[in-house]
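Please consult the sequence and the model while reading.

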Amino acid sequence: KSKKNMTRTFHTSFNWVYKLALLLCSVLAIAMWWFKIVLPAVAFSVVVIVITNHVLHCTYSFTSFQNLDVLVISKGKWASPKTILIKEITSYCLQETLFGAIKSVVIVYGNNKTIGIQPALRSEFLEELNKRKQSCSHA
């Protein structure tokens with residue numbers, strides 16, 4: 001397998017905001033079930049399931065599709081993946097929110113479209129993106 005066609009996958013960052021939300025919603029769901037307050041218990045349980053799905057199944061993959069380098073952004077089992085051609089990516093910027101707790105990469109592609117992602121290994125993700133962009137510009 002040639003190095004150009006290798007797939008590289010990055011997972012989403014599991015930062016303290018996700019951890020805190022998961023902990024609080026889990027505790028509230030258990031308390032609501034314990035006291036038999038069904039509607040809030042169901043709501044908090046669904047939030048726990050959605051957060052868990054996002055953290056476990058959200059990936060960002062660099063791969064080749066029909067001899068084109070692409071970035072596939074999968075936001076979980078219940079969302080359809082987004083595929084972006086590497087050659088369509090015009091720029092990116094780094095963004096931090098919640099006092100630096102959430103570190104995002106905002107990618108600009110196509111006709112000024114943007115998408116924000118949160119890779120766990122942000123510097124390695126950007127290194128791979130730059131490497132793929134360079135190989136596309138040389139092709």
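This is a predicted model: local features need pLDDT of at least 70, side-chain atom pairs count only at pLDDT 80 or more; totals for chains, interfaces and linings use all residues.

T63 stands opposite V70 in β3. Strands β2 and β3 run antiparallel and are joined by eight bridges. The hairpin that these two strands form has two residues between them, and within this hairpin Q66 adopts a positive phi near 50 degrees.

On the sheet as a whole, four strands are arranged in the order β1-β2-β3-β4, with antiparallel pairing, and the sheet is open. Its edges are β1 and β4 (82-85), each of which pairs on one side only. From one strand to the next, the twist averages 20 degrees. The pairing of β1 with β2 is likewise described by its bridges: there are four, in the antiparallel sense. Within this pairing, Y60 of β2 is the bridge partner of F10, and T59 of β2 is the bridge partner of H11.

How much of β2 is covered? Six of the eight residues of β2 are buried, which leaves the strand mostly covered. Helix α2 (residues 38-57) lies across β2 and β3, and runs at about 40 degrees to β2.

A search of the whole structure identifies four aromatic pairs. One of them joins F10 and F125: the ring centres are 5.4 Å apart and the planes stand at 80 degrees, so the pair is edge-to-face, given that planes over 60 degrees apart are assigned to that class. This pair connects distant parts of the chain, since F10 belongs to strand β1 (residues 8-11) and F125 to helix α3 (residues 122-138), 115 residues apart. Both partners are buried: F10 has a relative accessible area of 2%, and F125 has a relative accessibility of 0%.

F125 also pairs with F62, with 5.1 Å from centre to centre and 40 degrees between the planes, an arrangement that counts as tilted. Through ring pairs, F10, Y60, F62 and F125 are linked into a cluster.

The largest nonpolar core comprises 17 residues, and the residues with the most contacts inside it are Y60, L71, I89, I107 and F125. Two or more residues of this core come from each of β2, β3 (68-75), β6 (102-109), β7 (113-117) and α3.

Which residues does I107 contact, leaving aside its neighbours within four places in sequence? The contacts of I107 are L71, I89, S91, Y92, K113, T114, I115, I117 and F125. Of these, L71, I89 and F125 are also named among the residues with the most contacts inside the largest core.

The chain contains three helices and seven strands, and from the N terminus on its elements run β-α-α-β-β-β-β-β-β-α. Buried residues account for 35% of its 139 residues. Among contacts between residues at least 6 apart in sequence, 48% join residues at least 24 apart.

The overall dimensions complete the description. The chain has a radius of gyration of 18 Å, whereas a compact globule of 139 residues would have one near 14 Å. Along the principal axes, the C-alpha atoms fill a box of roughly 65 × 30 × 30 Å.

Conventions:
Residues are numbered from 1 along each chain as its sequence is written. Side-chain values use heavy atoms; hydrogens and water are left out. Rings of Phe, Tyr and Trp (its six-membered ring) pair if their centres lie within 6.5 Å; planes under 30 degrees apart count as stacked, over 60 as edge-to-face and the rest as tilted. Buried means under 20% relative accessible area, exposed over 50%, partly exposed in between (1.4 Å probe, protein chains only). A nonpolar core is a set of buried Ala, Val, Leu, Ile, Met, Phe, Trp, Tyr and Cys residues joined through side-chain atoms within 4.5 Å. Contact means heavy atoms within 4.5 Å. Two strands pair if DSSP finds at least two bridges between them. Axes are lines fitted to C-alpha atoms, for helices over the stretch in contact, and angles run from 0 to 180 degrees between N-to-C directions. The radius of gyration is taken over C-alpha atoms; the globule rule is 2.2 Å times the number of residues to the power 0.38.
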